[in-house]
Amino acid sequence: QVQLVESGGGLVQAGDSLRLSCTASGLTFSTYVMSWFRQAPGKEREFVGGITRTGGGRTDYADSVKGRFTVSRDNAKNTVYLQMNKLKPEDTAVYYCAADKDYRWSLLPSTTPVEYDAWGQGTQVTVSS
């Protein structure tokens, strides 16, 4: 069965960095768009950043994290990463890895949660001020 396992979350101070990882199994990883979403208490799940398989991997990010977060993937390891720098208290949320079967070689990741086929269990990121 498809499984996404996230790790790397934790409690940090504002300005610190974290690197989240998501390792996939039960799928052909290189054929999937991989993205990160986050959800804070009382808030809707929102797109953070994602990466395609086109051209070695094209990325897209939410405006709120551009310049601070970086998504990358290692197809040999079936793993996608989210490097988070200059963390802010408003980044506090549960972060989820999501996989979207890419039937059409999409140019950009989808920002819509319902379009994704599989989700990780989530990892908590808490940023104190």
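How many helices and how many strands are there in the protein? The model is a predicted one, and in it the protein has zero helices and eleven strands, so that reading from the N terminus on, the elements run β-β-β-β-β-β-β-β-β-β-β.

**Overall build**

- The protein has 129 residues, and because a compact globule with that number of residues would have a radius of gyration near 14 Å, the value of 14 Å found for the protein agrees with that expectation.
- Taken along the principal axes, the box that the C-alpha atoms of the protein fill is roughly 40 × 30 × 30 Å.
- Of the 129 residues, 43% count as buried, while the protein exposes about 6,700 Å², of which carbon and sulfur atoms supply 46%.
- When the contacts with a separation of 6 or more are considered, 62% of them are accounted for by residues 24 or more positions apart.

- Cys22 lies in strand S3 (residues 18-25) and Cys97 lies in strand S9 (residues 93-101), so the pair ties together parts that are 75 residues apart in sequence.
- The link of Cys22 and Cys97 is left-handed, with -75° about the S-S bond, and both Cys22 and Cys97 are buried.

- Val80 is found in strand S8, and it counts as buried because its relative accessible area is 0%, where buried means under 20%.
- Leaving aside neighbours within four places in sequence, Val80 is in contact with a list of residues that includes both Cys22 and Cys97, and among the others are Leu20, Phe29, Met34, Trp36, Ile51 and Val71.
- Val80 and Glu6 are 74 residues apart in sequence, and their C-alpha atoms are 9.4 Å apart in space.

- Ala14 has its place in the loop between strand S2 (10-13) and S3, whereas Pro89 is found in the loop between S8 and S9.
- Ala14 is partly exposed, with a relative accessible area of 40%, and Pro89 also counts as partly exposed, at 33% relative accessibility.
- Not counting residues up to four places away in sequence, Ala14 touches Leu87, Pro89, Val127, Ser128 and Ser129, while Pro89 touches Ala14, Val127, Ser128 and Ser129.
- Although Ala14 and Ser128 are 114 residues apart along the chain, their C-alpha atoms are separated by 5.7 Å.
- Pro89 and Gln124 are 35 residues apart in sequence, and the distance between them in space, from C-alpha to C-alpha, is 13 Å.

**Ala40, another loop residue**

- Ala40 is found in the loop between strand S4 (32-39) and strand S5 (46-51), and with a relative accessible area of 22% it is partly exposed.
- Ala40 touches Thr92 and Ala93, when residues up to four places away in sequence are not counted.
- Ala40 and Glu90 are 50 residues apart in sequence, and their C-alpha atoms are 8.9 Å apart in space.

- Lys86 has a positive phi of about 50° although it is not a glycine, and its place is in the loop between strand S8 (79-84) and S9.
- Lys86 counts as exposed because its relative accessibility is 55%, which is over the 50% that marks an exposed residue.
- Trp105 is not a glycine either, yet it has a positive phi of about 55°, and the place of Trp105 is in the loop between S9 and strand S10 (118-119).

Notes: Residues numbered from 1 in each chain as written. Predicted model: local features only at pLDDT ≥ 70, side-chain atom pairs only at ≥ 80, totals over all residues. Heavy atoms only, no water. Disulfide = S-S within 2.5 Å. Helix = DSSP H or I, 4+ residues; strand = E, 2+ residues; numbered from the N terminus. Buried < 20%, exposed > 50% of the residue type's maximum accessible area, 1.4 Å probe, protein only. Rg over C-alpha atoms; globule rule 2.2 N^0.38 Å. Contact = heavy atoms within 4.5 Å. Areas by Shrake-Rupley, 256 points an atom, 1.4 Å probe, with all protein chains shown as cover.
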